[in-house]
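Here is a report on a ligand and the residues around it. Look at the structure first, then read on.

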Amino acid sequence: MTRIFSGVKPTGHLTLGNYLGAVRRWVEVDQDRADALFSIVDLHALTVEHDPARVRRLSRQAATLLLAAGLDPERCTVFVQSHVDEHARLSYLLECTASDGEMRRMIQYKEKAARARAAGESVRLSLLTYPVLMAADILAYRSDEVPVGDDQAQHVELTRDLAARFNQRYGHVFTVPRATHPEVAARVMDLQDPTSKMGKSHETGAGIVYLLDDADVIRRKVMRAVTDSGQDVEYDREGRPGPANLLEILSACERGNPEALAGVYESYGALKKDTAEAVVELLRPLRERHAELAADPSYVDEVLRAGAERARAMARPLVDRAYEAIGLLPVG
Ligand code: TYM
């Protein structure tokens, strides 16, 4: 059976980008057609300045949201990365497989390191090695597919290189995985700055729709989205990123096609209004279910406990094999 792995890192509240780019497909497609694991990858949240209490809170919230979105612990494995030692264990072996040059070429590293330096902060070494830990997340489960948004494509490419290199040097241990992306909304852009990705954190949050925003906040954010001075509605990602982003969001909500939708609208006002309502309706059940689940944290705890146990049992034998293959003496 196809094995799928993906994850979300608790560095901020989950966004519409996370949902449309990744989580919705995990729920609607992946958990039913494959043996799938979805992780709250909390170790990755420590690669930038962080507040321990906030990471804990966001990890629990992310787990609750994934369940609220429809991940079903009977059909897939949901767990917290740090509960399974194998990720960190394997990461070290992959650090011994990767070169520093290839790590320094990672776009996300370059961008985040530049931002940290500009803010006068030091850059944690783990920010550089982050994609190696991500490769370990994926390879520890012999994953075939990794459903992610566009921004993770380079990291999955690196994972493939590391898997192939390790196999070539030390014998076949790892499956070489491939990334899968949604057809639309693989990169949802910030509503205030449609040339950058809608990320989890931004100073004001005005261009980011969070999954737990209430309906009026969503309406306000979408109605204030930056467009351009054009008179007609046209789908042109490069030339007209603001309207194109709205068209993608709306078509993702309605399962349509952004080019076809562009022809339906004569003004940005109408496009924004319909987009706002579509997002409100898309997220309404999720918010309601989140409130129910948040009232019963012991249920979420139990899901995560059982998930970690399952994940551990899957990863352990493979990581043991990798330790042996690379030349480490097995425990007697
Ligand atoms: P993270 O937490 O930034 O995002 C989680 C998922 O959401 C997707 N995504 C988006 N998709 C479309 N538009 C956006 N604006 C948008 N923002 C985020 C991401 O592509 C991702 O699929 N490094 C990963 C977490 C990770 C991981 C892994 C993923 C760690 N180990 C192993 C897959 C497999 C990350 O930072 O995702």
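Of the 27 residues around the ligand, Lys 9, Tyr 130, Asp 137, Asp 151 and Lys 200 come nearest. A residue counts as near if one of its heavy atoms lies within 4 Å of the molecule. This is a predicted model: local features need pLDDT of at least 70, side-chain atom pairs count only at pLDDT 80 or more, and totals for chains, interfaces and linings use all residues. Residues are numbered from 1 along each chain as its sequence is written, and side-chain values use heavy atoms, with hydrogens and water left out.

| Side chain | Ligand atom | Distance |
|---|---|---|
| Asn 18 | oxygen | 3.1 Å |
| Gln 152 | nitrogen | 3.0 Å |
| Lys 200 | oxygen | 2.6 Å |

On its own, the ligand has 710 Å² of accessible area (Shrake-Rupley method, 1.4 Å probe). The protein covers 98% of it.

The shell around the ligand holds 13 nonpolar, eight polar and six charged residues. Here Asp, Glu, Lys and Arg are charged; Ala, Val, Leu, Ile, Met, Phe, Trp, Tyr, Cys and Pro are nonpolar; the others, Gly among them, are polar.

Now take Gln 152. Is Gln 152 buried or exposed? Gln 152 counts as buried because its relative accessibility is 13%, and buried means under 20% relative accessible area (1.4 Å probe, protein chains only). The side chains of Gln 152 and His 155 are joined by a polar contact of 2.9 Å. Beyond its neighbours within four places in sequence, Gln 152 is in contact (heavy atoms within 4.5 Å) with Gln 108 and Met 134.

Conventions. Polar contact = N/O pair within 3.5 Å; in protein donor to acceptor, adjacent residues only side chain to side chain. Buried < 20%, exposed > 50% of the residue type's maximum accessible area, 1.4 Å probe, protein only.
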